[in-house]
Amino acid sequence: MVRKTASSLHLHKRVLHKFARHRGRIAMARQANGIGRKRLGKFGVRAHNRRLVTAGKIGTTVAAALYEAGRRPRICGRTARDQLELQTSHGRIVVPGPVQTDPAQAGGTVDLVFLAVKATQVEGAAPWLKALCGPDTVVCVLQNGVEQESIVRPYAGAARVIPAVVWFP
């Protein structure tokens, strides 16, 4: 069990929940207009197929936000754990595991990967990216800086790599 702290996770949960609702409305509108499931794969209908690579502070915070928003991320990392725990000013959030440690047991490609490792650890996460990424995968790199895409791209294959700014007050 890992204990992490975050001061205002409630704000991030609201933002994440609003984002999820917005994506859901887009998916329903696209289905009503006859746009097929394959096109929705990255963000809509199949968005349940996501992985979070890491179980550090940022990864635990994102996993807790996803879990609180009604999603259950599958977590990959270096250390096996039964669960992740985030202590906030509003209480404790326990994200059920297990944390997978073997990329060979990943179970194939996924739609969305949140990569929450330091820039110096990307090479160590390469086996996970190779196991999880396919041409329809989006890799959201949760690192601050300006070179996330160029650092991760060589390890993500045909997946789309998008950078993100990480800010948890």
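Colleague: Which residue forms a salt bridge with Glu85, and how far apart are the closest N and O atoms?

Modeller: Happy to! The partner of Glu85 is Arg92, and the closest N and O atoms of the pair are 3.2 Å apart. A salt bridge here is a Lys or Arg side-chain nitrogen within 4 Å of an Asp or Glu carboxyl oxygen. Searching the whole structure gives 1 salt bridge. Glu85 has a relative accessible area of 0%, so Glu85 is buried (under 20%; exposed is over 50%, partly exposed in between, with a 1.4 Å probe and protein chains only). This is a predicted model, with pLDDT of at least 70 required for local features and 80 or more for side-chain atom pairs, while totals for chains, interfaces and linings use all residues. Numbering starts from 1 along each chain as its sequence is written, and side-chain values use heavy atoms, without hydrogens or water.

Cysteines give another view of the interior. Cys76 is buried too, at 0% relative accessible area, and Cys140 counts as buried at 11%. Even so, the whole structure has 0 disulfides, meaning cysteine sulfur pairs within 2.5 Å.
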